[in-house]
Amino acid sequence: MLRYILGRAGAGAGVLAAVTVLVFLLFELLDSDAAVVVLSRRGAGDPPPEQLAALRAEMGLDRPAPVRFAEWVAGFLRGDLGDSLISGRPVAEVLFDRLANSAALGLLTIVLLIPLALGLGLLAGARPGSRTDRVVSAGALAVESVPPFITGVLLVAITALSLRLLPAVSLVPTGTSVWDRPAVLVLPVICLLAGLSPHPARIVRAQTAEVMATEYIRTARLNGVGGFRLAWRHIAPNAVSASIHPLAGSVVGLIGGIAVVETLFSYPGVSKELLIAIAARDYPFVQSAAVLLAAFGIAVYLLADLLALLISPRARTLLGAGRW
């Protein structure tokens, strides 16, 4: 077990290193840098070469790319994310201030996403072909077919503009917590759930229906096992173990979903700052945010692997036999 965990963690570290190098190389391929952006904002137009060179030297952009990359990596490993090239503020200060709002949105979505997907999937798959199964399956497929930004626009048009039940934009005043205004979370969370829950729910439904058709379920019923005991001890563990990785994919998909939702609802999360930093060629901010988001995805998939081992007897057997 320990060897398996170390192996997966090592593979995750390799992926993280590849992401770090890839983001840096992509930035190096851009046709401009932060110095050009700053001078253009000052109305310099086509800045004189000596002025551009002086600003690049001030920002440290005149040094060779490998040196700048090595310095950033060394600082990151010490917990120092560097300073923003545009604002001059520490990246950690800007990033974690906005990251708290994004984390609140993501956490609330995860808390609702997992029981919703599992509950709908088990409910539909427990009676394949029933009216409940058809309604849940058709509804999940219909919702999954609509892009999240269209869902968000419809939610705003109906609940905010027509019914005036909820705010159309999720603004949070500076210095306040998003939990002080919980109403601003409702529409973004619904939009995220609509985009992320249908796929794992359909996976759980398919696996549950497959389990229901097996011989050991029929045998358990013939032996008088039924109701809650049958569902809890025989159906749910097998169905849930197969849905762990699809659920993990949905949780990781929160990264992209939150970016869309934060833009749509003007929610003050990390995505807005990240888009500004990319446009401004603010390499330290973008590099730090990309690595932290990649680390989140890797950690979620590693946790999913461990949960699958704990829940699935077959997975533990394969691991014990050395086939994993």
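I take contact, or touching, to mean heavy atoms within 4.5 Å. The model I examined is predicted, with local features needing pLDDT of at least 70 and side-chain atom pairs counting only at pLDDT 80 or more, while totals for chains, interfaces and linings use all residues. Residues are numbered from 1 along each chain as its sequence is written, and side-chain values use heavy atoms, with hydrogens and water left out.

**Entry 1: the chain**

I looked up the secondary structure and found 15 helices and zero strands in the chain. Helices (H or I, at least four residues) and strands (E, at least two) are DSSP runs, numbered from the N terminus. I noted that the C-alpha trace spans about 85 × 60 × 30 Å along its principal axes. Of the 324 residues, 39% count as buried; buried means under 20% relative accessible area, exposed over 50%, and partly exposed in between, with a 1.4 Å probe and protein chains only. Among contacts between residues at least 6 apart in sequence, I recorded that 73% join residues at least 24 apart.

**Entry 2: Thr-20**

I located Thr-20 in helix 1. Is Thr-20 buried or exposed? Thr-20 counts as buried because its relative accessibility is 9%. Leaving aside residues up to four places away in sequence, I found Thr-20 touching Phe-69, Trp-72, Val-73, Gln-287 and Val-291. I also checked Leu-292, which is 272 residues from Thr-20 in sequence and 10.0 Å from it in space, C-alpha to C-alpha.

**Entry 3: Asp-305**

I found Asp-305 in helix 14. With a relative accessibility of 7%, Asp-305 counts as buried. Which residues does Asp-305 touch, not counting residues up to four places away in sequence? I listed Tyr-4, Arg-8 and His-245.

**Entry 4: the largest pocket**

I read a volume of about 510 Å³ for the largest pocket. On a 1 Å grid over the protein atoms alone, a pocket is an open set of points where a 1.4 Å probe fits, with protein on both sides within 12 Å along at least five of seven lines; lining residues have an atom within 4 Å of a point. Grid points are joined across faces, edges and corners, and a volume is the space filled by probe spheres set on the points. Of the 23 lining residues, Leu-61, Arg-68, Leu-85, Tyr-283 and Pro-284 are the closest to the centre of the largest pocket. The elements giving two or more residues to this lining are helix 1 (2-28), helix 4 (65-77) and helix 14 (283-311). Helix 4 gives the most, with four residues. By class, I noted 11 nonpolar, four polar and eight charged residues in this lining. Ala, Val, Leu, Ile, Met, Phe, Trp, Tyr, Cys and Pro count as nonpolar, Asp, Glu, Lys and Arg as charged, and the others, Gly among them, as polar.

**Entry 5: the second largest pocket and Leu-99**

I read about 430 Å³ of space for the second largest pocket. Its lining has 19 residues, of which Leu-99, Ser-102, Ile-255, Ile-258 and Leu-293 lie nearest the centre. Helix 5 (91-125), helix 12 (254-264), helix 13 (270-279) and helix 14 each give two or more residues to this lining. By class, the lining of the second largest pocket has 14 nonpolar, five polar and no charged residues.

I then turned to Leu-99, which is in helix 5 and counts as partly exposed at 25% relative accessibility. Helix 5 bends by about 25 degrees at Leu-99, the bend being the angle between axes fitted to the seven residues ending there and the seven starting there.
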